[in-house]
Amino acid sequence: MKPAPTITPPPLRRSLPRLILRLAVIGLMVWAGLALFDWLQGHIADLEDAARSRMMTTLVIAAIVAYATIIAIPFVPAIEIAIALMVMEGPIMAPFVWIATVLGLLLAYVVGRKVSLDWLHGMFRDLHLLRACEMVYRIKTEPPENRLASLSDRLPRWLAPLATRYRYAMLAVLLNVPGNVALGGGGGILMLAGISRLFAPGWTLLTVCLATAPVPLAVWFMGADVLK
């Protein structure tokens with residue numbers, strides 16, 4: 001494995017303006033996600049009262065679109081919205097929540113796949129995160145099989161197969177483990193999967209569809225009482 005080139009972080013006076021701008025953009029995205037989350041929580045209770053009005057359809061569509069957008073944002077909890085929609089609207093809402101979940105997580109994955117590695121490298125360099133810079137360099141320059149082999153060598157023996165050969169199964173587990181918001185939530189996990197370039201689009205789509213199906217399917221076939 002070829003060693004990564006030595007990285008010299010720029011002086012703080014040069015990197016600080018760029019760093020502030022990048023963090024401001026990220027902070028604005030998180031703020032927008034949280035604001036959307038709060039708005040949706042405030043209006044979700046209107047669904048039951050509006051059940052007989054024409055506004056019901058519009059409000060449900062807005063809730064589904066908002067939920068799909070929210071779940072794509074790292075560290076923003078969105079599962080409460082999904083549960084509230086299925087509890088208040090019952091089994092009929094379950095397939096739409098499932099589709100919105102899949103689309104939102106795939107959006108995060110696509111963003112991760114398309115993000116510029118040079119941009120990430122520059123941001124980590126400005127933050128003086130040299131190990132992260134090395135990771136991005138290896139993603140950019142090494143084929144996936146070499147990085148998987150290197151990852152397998154560094155991890156404990158019991159964990160190495162999960163992170164390499166069975167990485168899609170591990171991805172499914174991470175999406176369902178309680179408290180995964182500490183890891184970035186579903187959006188953060190899928191965004192990292194995209195950035196790593198180790199997860200093929202087709203297999204990722206299949207994994208996300210299967211991993212997110214159990215709860216909506218249970219509500220669809222057994223009713224919303226399974227969530228209570």
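These legends accompany several close-up views of a predicted model.

Figure 1. Residue numbers start from 1 along each chain as its sequence is written, and side-chain values use heavy atoms, with hydrogens and water left out. Because this is a predicted model, local features need pLDDT of at least 70 and side-chain atom pairs count only at pLDDT 80 or more, while totals for chains, interfaces and linings use all residues. Helices here are DSSP runs of H or I with at least four residues, strands are runs of E with at least two, and both are numbered from the N terminus. The mean pLDDT (the predictor's confidence in each residue, from 0 to 100) is 80 for the protein chain, and 82% of the residues score at least 70. Confidence is lowest in helix 2 (residues 46–49), with a mean of 58, and highest in helix 12 (residues 201–211), with 95. Of the 228 residues, 41% are buried, where buried means under 20% relative accessible area, exposed means over 50%, and partly exposed lies in between (1.4 Å probe, protein chains only). Contacts (heavy atoms within 4.5 Å) reach along the chain too: among those between residues at least 6 apart in sequence, 72% join residues at least 24 apart.

**Figure 2. Helix 5 (residues 94–114) meets helix 11 (residues 185–196).** Their axes come within 7 Å and cross at roughly 35°; axes are lines fitted to C-alpha atoms, for helices over the stretch in contact, and angles run from 0 to 180 degrees between N-to-C directions. The crossing is right-handed, a term for a near helix turned clockwise from the far one by less than a right angle, with anticlockwise giving left-handed. Helix 5 contributes residues including L105, A108 and Y109, and among those from helix 11 are G186, G187 and L190. The contact has 8 nonpolar, 4 polar and 1 charged residues, with Ala, Val, Leu, Ile, Met, Phe, Trp, Tyr, Cys and Pro counted as nonpolar, Asp, Glu, Lys and Arg as charged, and the others, Gly among them, as polar.

**Figure 3. Helix 10 (residues 167–176) packs with helix 12.** Here the axes are 9 Å apart, at an angle of about 40°, and this crossing is right-handed. Y168, L171, A172, L175 and N176 of helix 10 meet W203, T204, T207, V208 and A211 of helix 12. By class, this contact comprises 7 nonpolar, 3 polar and no charged residues.

**Figure 4. A closer look at T204, found in helix 12.** T204 is buried, with a relative accessible area of 0%. Leaving out residues up to four places away in sequence, T204 touches Y109, Y168, L171, L190 and F199. T204 and L171 lie 33 residues apart in sequence, and their C-alpha atoms are 8.7 Å apart in space.

**Figure 5. The buried side of helix 4 (residues 79–89) holds I81, A82, L85, M86 and E89.** These residues sit on the same side of helix 4 because they cover an arc of only 125° around the axis, the arc being that of the directions from the helix axis to the C-beta atoms. Just after helix 4, G90 takes a positive phi of about 80°.

**Figure 6. Helix 8 (residues 144–154) has R147, L148 and S150 as its buried residues.** They span an arc of only 165° around the axis, which puts them on the same side of helix 8. The buried residues pack against helix 7 (130–141), helix 9 (160–163), helix 10 and helix 11. Exposed E145 and D153 are carried on the face turned away from the buried side.
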